[in-house]
Every structure is written in structure tokens, then in C-alpha cells.
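Here are my notes on the fold, for reading beside the model. Please keep the structure open as you go through the points.

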Amino acid sequence: MATQLYPSKDILYSPQPTWFGDEASPMLGWYHPAKLRDAGGSRQCGVVLCPPFGHEYMVSYLAYKHLANQLARAGFDVFFFDYGNTGDAADVDGAPDRISQWQENIRQAAAQLRQMAGVQYIALFGLRLGGLLAASVAQDIDARAMLLMAPVISGRAYAREMLVLRNMSGLAADADPHPQHDLQHDPAHTVTDDELTGYEFSATTRTSLGKLDLLKMPVPAMPVFIQTRDDISGQEAKLANAWHHHDHALYLSDVPGYAAMMTEDAHDTVVPMAIWESMQSWLARYFPLVSIDSSAYPPTRDVADIGFNDHVITEELLEFEGMFGIVSHQAGADPKALPTVILCNIGANHHVGNHRLYVTLARTLASHGFHVLRFDKSGIGYSKMTPDDRENDVHAASGVDDVSSAMYFMQGKYHSPSFVLAGLCSGAYLSYMAALNDERVSGLVLMNQLTYRWQEGDTIDARRKNTIKSSHYYLHAIAKADTWKRVCKGQVDLRQIMGNMLRRIGKRLRTKWQLLVVNLMHNNFFLGRVARNFRNMEARGTELLLIYDASDTAVDVMTEQLGRHASLLGRSERIRLEIFNGADHTFTPRWAQGALADLISKHLSKRFNAAVADAAK
């Protein structure tokens with residue numbers, strides 16, 4: 001290991017990230033060593049945390065970290081990891097059956113934990129699909145205990161449920177598969193049957209998943225903890241009855257907390273500490289503390305080579321000022337040749353981004369010669385808390401300082417000459433704010449930016465209540481019979497929509513007046529603050545790429561500040577506006593993810609390679 005991420009003796013037992021698994025398809029795991037000084041010894045039991053799938057993985061990520069910490073404090077060694085083709089792990093080509101792949105990944109994670117911690121026993125924890133997968137391999141790894149939280153009982157029923165949710169999303173029906181500007185129409189740009197809310201979910205995977213059923217598995221010969229869900233009546237009690245026997249303990253818990261954790265947005269998730277404490281107390285009964293002679297720290301692997309689109313991308317795990325990040329680049333690429341790209345968190349989602357958008361974008365940019373840092377600002381993922389000890393504080397003012405720290409770190413380690421800041425939604429806001437007065441920023445990529453100003457006392461909930469969809473969306477919705485049915489049923493707040501639409505019209509009239517005056521007077525003084533900020537950044541040489549989905553509210557927010565089609569910014573080769581159709585707020589469809597990464601990579605490569613060539617003349 002080249003660099004110890006947490007070298008201080010005082011934090012010797014902090015979580016440690018490491019690459020593991022096959023050299024050709026590495027996965028990222030977090031090892032939480034038992035806190036021996038606090039607990040007085042080791043329980044000689046390691047717990048492998050098996051994550052759920054897709055959106056459930058994203059919103060439960062913070063809770064998983066807290067569970068790992070809870071167990072480590074009690075003397076358990078813990079390993080939390082990403083399956084192949086998920087999170088930060090490498091994409092494995094030619095493996096359409098993800099279920100058998102992920103089962104093997106759990107076996108590899110158990111072997112990794114045994115090797116790192118030297119534990120005698122292994123226990124498995126799994127939430128939703130993670131619970132079904134854990135139970136399916138428990139015998140293979142000689143697990144001695146299982147903890148299942150709202151486990152998927154029937155793989156077949158789960159697959160059907162996921163397909164119903166996909167069809168209800170409306171993406172497939174509403175997609176207009178091409179942007180309005182430079183990208184050309186491509187018939188392949190459609191939402192396919194083999195994807196689920198931005199994630200691959202092939203027919204082969206669904207078939208393999210359909211063969212798994214907890215009720216048809218042999219009764220586990222080990223203690224089992226089953227946590228029920230508190231939002232709907234699940235089948236956990238039925239499973240408990242089927243698995244109950246006299247030889248081994250089975251505990252069915254109904255402690256509330258599941259629903260508050262599994263929210264629509266990661267920002268709203270509430271860590272179910274009461275459930276975690278219950279699980280930790282239960283597990284401790286079966287694995288008593290014992291004294292150990294050595295607290296030597298196991299080696300970790302900080303660098304991995306990952307195959308991506310016929311390129312080999314090197315990814316390095318980094319820690320700076322208590323924040324975690326991953327740098328992607330091609331082996332041998334000169335970090336001083338092009339600006340370093342920094343990806344800022346999307347809301348409260350950790351650095352992989354919604355449906356792995358930032359993983360795809362980072363590796364695509366790296367294949368074009370860029371060094372790319374995707375990192376978690378304070379309060380997100382495995383990074384430190386914010387200065388006021390908060391987590392998931394999406395718009396915390398400290399975020400601007402975090403981005404500045406990331407730039408200083410990359411300057412020191414890689415001698416980065418300048419930076420392109422990129423982000424979606426709140427990540428775009430953070431990028432914009434960090435770039436305003438920092439001349440190290442030579443480029444901005446802002447995707448569906450919803451706000452240009454965040455004041456003390458503002459909350460995401462309040463913003464949501466006062467936010468309506470884009471004018472483009474309502475113009476299309478008004479022609480649909482279903483819209484008027486919902487109006488008649490009182491399911492649409494017409495008063496709020498009309499009030500906001502009138503305010504939008506007023507703001508658009510104001511921007512038209514500003515444009516007229518600026519053109520007549522040739523003076524930026526009459527522009528609004530946001531438009532002046534953008535013009536000032538362009539004047540200092542900053543490349544500006546603004547990207548939106550046509551139906552997203554961000555289009556109207558942009559129009560209110562910058563004019564229709566950003567007309568208040570004037571004409572400059574350093575300003576580019578792109579509008580997608582059918583991509584949604586987070587560019588969920590897989591065609592949109594690929595098209596977005598391709599657009600950004602080609603644009604930045606063209607602009608900055610041309611600048612390098614001009615400088616060399």
C-alpha cells in the first residue's frame with residue numbers, strides 16, 4: 001500500500017477503504033475494524049454487509065455506514081462493499097446474470113474480511129435484495145448468524161414489483177430520445193426493457209432472480225434476526241414461521257424505523273439507530289468478547305486498474321482534510337496537460353451519483369485524458385461531519401470551502417494547472433458558488449441547476465412545496481385527458497400552479513427588459529446579479545457548459561435568471577447551452593447517461609485541447 005489513508009494512531013480504527021476481488025474486476029469495500037480499545041477485545045466475528053439494489057442502495061448508504069460503526073464499536077469487524085457493476089466497482093462485461101455475479105461477490109467479501117481481520121466466524125447482514133442474496137450464500141461461506149431487514153422473500157415477486165415501478169415512472173412513455181441541439185437523433189436512445197430507473201436489470205438477471213425464494217430454501221442452521229418493515233405489511237412473519245425451529249434461535253423484530261430510512265430522496269433518510277442497537281445487542285449474545293494479543297493493522301489496496309470502453313482507467317482512493325474521494329485517470333496521462341475535473345455531490349447522494357452517473361462520467365472523462373476527482377464533501381458518505389456536526393446538509397456553506405480544499409489537494413498531489421467544476425442540481429449550485437471568485441476554475445459544467453442563491457433558513461422541503469414543474473411540462477400535460485381527470489378529482493393544486501406561472505411570466509418579462517436595456521446601453525449594470533456573475537466568469541476566460549432537461553423546473557429557473565436560451569449572457573464561444581428531451585432531472589435513462597457523458601467529455605476535450613494547442617504556438 002503506497003499511502004496510509006488514516007495514518008494517525010488516534011484514528012487507527014477508523015473505516016478503511018480498499019479495493020478487493022479479482023484484479024480484472026475490482027470492487028470497493030469499507031473495512032470497519034473492531035474498536036478494540038473501546039470494547040476491550042474482539043468478538044472473533046466479522047459481519048459482511050450486503051447492500052440492496054438500485055435506489056434502495058442509494059438511500060440506505062448512510063444507514064449502512066452507521067450500522068457498520070455501531071457493530072465495530074461493539075467489537076465486531078465489519079465489511080461493507082459494492083457488488084460488481086454497482087457503486088464504485090468495475091463493470092464486468094459478458095456477465096448478464098448479475099445474481100450469480102453478486103452471490104460470488106458476497107463470497108469474495110467474506111474471504112476478504114477473514115483475511116483482513118483474522119476472524120474465526122462470519123455473520124451476514126442484508127437489506128431487501130441484499131437479504132435474499134445473503135441467505136442464498138450463507139451456507140457456502142459457513143456463516144454463523146444472519147440479520148435480515150425487510151428481506152425480499154420471492155425473487156420472482158420482487159422482479160415483477162420492480163417492473164411495475166418502472167412502468168409507473170413514465171420515462172419509457174414520455175421519452176423523446178434526443179437533445180434539441182448538437183446531439184443527433186439515435187434510435188438506440190430509448191428506455192429499454194433491460195433497465196430499471198437507470199440501472200441494468202436484464203431479462204437474464206430477472207430469470208435468475210426468479211429462482212430464489214427464501215420460503216423454499218433450507219431452514220438456516222444458525223441464529224437469525226429478522227426485522228419487519230413498518231410501512232406496509234410484509235411477509236417477514238410468514239418467513240419467521242417457516243424458519244422457526246428449536247435447534248437455533250430466530251428473533252422477529254418489529255422496532256420501527258424502516259420507512260423513515262427508505263425515503264424517496266437520500267436527503268430525507270433517517271438512520272434507524274434503534275434497529276441497529278437492537279441488532280448489535282442480539283448479535284453480541286452469540287459472540288462474546290475475547291482478548292487478543294495483536295492490534296496490527298491489515299494492509300489495504302488504494303489503487304486499481306479498471307477496464308472501461310477499451311481503455312484502462314487507474315482509480316486511486318484518497319483522503320484529504322477528513323474527506324474521501326477517488327481520482328480517475330489513464331495510466332501515464334499528464335495531469336498538467338488538461339484541467340482536473342471535480343464532480344460535486346448530487347444532493348445527499350455519495351460520490352457515485354444517482355444511478356452511478358458520476359462513475360460513468362469520471363471514467364469517460366478519464367478515457368479522454370482528464371484527471372477526475374469524485375469526492376464527498378463534509379457531511380456526505382464517509383467524509384467528516386460538517387463544522388456544525390451535521391450529515392446530509394446538502395447546501396451547507398462549508399461545501400464551498402470543501403471544493404476549495406479539493407482543488408488545493410489536487411494542486412499539491414498532481415500539480416493540476418486549473419479546474420473544471422461539474423455538478424447536477426445542488427452539485428451545480430456548489431460548483432457555481434465555488435467558481436465565482438476562484439480564478440483556478442477554468443470551466444463549469446452545470447446540469448439542471450435549481451437554485452443560484454441559498455439563504456440561511458432555507459430548507460429543501462420549503463423549496464419543494466413552492467416548486468412546480470417546468471412550463472414545457474405543463475404545456476404538454478394540458479393536452480392529456482388524464483391531467484383533467486386529476487384536476488376534477490382535486491389532485492392538482494391549480495392555485496399554486498397558476499400563482500407560480502404568473503410569477504414566472506413576470507420574471508421573464510423582466511429579463512426581456514434587461515436584455516433590451518443592455519443591448520441599447522452596452523452596459524452590464526442593468527443585468528441581474530446572476531447574469532452578471534456568469535458574464536464576469538466568461539470574461540475571465542471560464543468555459544461555461546449549461547445542460548438541462550426540457551421538462552425540468554431548472555429550465556424555468558435558468559430562464560428567469562439568464563433569459564430565454566440564456567440570452568442575457570450574450571454570444572460567446574465560451575458559453576454553450578444544451579437541452580435534452582426525456583432525460584428527467586437526474587438523467588435517469590441509460591441512453592441519457594451515456595449521451596451526457598459523451599457530450600461533456602467531447603466538449604471539454606475540444607475546448608481545452610484547443611486551448612493547449614493555442615498556448616503552444
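1. Nine strands form an open sheet with mixed pairing, in the order E11-E12-E13-E15-E14-E16-E17-E18-E19. Strands are DSSP runs of E, at least two residues, and helices are runs of H or I, at least four, numbered from the N terminus. Two strands pair if DSSP finds at least two bridges between them. Strand E11 (303-308) and strand E19 (575-580) are at the edges; each has a single partner strand, so one side of each lacks a neighbour in the sheet. From one strand to the next, the twist averages 20 degrees.

2. Basis. This is a predicted model: local features need pLDDT of at least 70, side-chain atom pairs count only at pLDDT 80 or more, and totals for chains, interfaces and linings use all residues. Residues are numbered from 1 along each chain as its sequence is written, and side-chain values use heavy atoms, with hydrogens and water left out.

3. Inside the sheet. Strands E17 (residues 441-447) and E18 (residues 543-549) pair in the parallel sense over five bridges. Met447 is opposite Ile547 in E18.

4. Helices on the sheet. Helix H13 (residues 426-435) packs on the sheet and touches E14, E16 and E17. Contact means heavy atoms within 4.5 Å. The direction of H13 makes about 150 degrees with that of E16. Axes are lines fitted to C-alpha atoms, for helices over the stretch in contact, and angles run from 0 to 180 degrees between N-to-C directions. Helix H19 (residues 553-562) also packs on the sheet, touching E18 and E19, at about 135 degrees to the direction of E18.

5. A helix pair. How do H3 and H4 pack? Helix H3 (residues 98-117) meets helix H4 (residues 129-137) at an angle of about 70 degrees, with their axes 10 Å apart. That makes H3 roughly perpendicular to H4 (65 to 115 degrees). Residues in the contact include Trp102 and Ile106 of H3 and Leu133 of H4.

6. Is strand E1 mostly covered or exposed? Five of the five residues of E1 (residues 16-20) are buried, meaning under 20% relative accessible area with a 1.4 Å probe, protein chains only. Gln16, Thr18 and Phe20 point one way, Pro17 and Trp19 the other. E1 runs antiparallel to strand E2 (residues 27-32), joined by five bridges. Gln16 has Tyr31 of E2 as its bridge partner. Six residues lie between the strands of this hairpin, where Gly21 takes a positive phi near 90 degrees.

Conventions. Angles under 35 degrees count as roughly parallel, over 145 as roughly antiparallel, 65 to 115 as roughly perpendicular and the rest as oblique. Buried means under 20% relative accessible area, exposed over 50%, partly exposed in between (1.4 Å probe, protein chains only).
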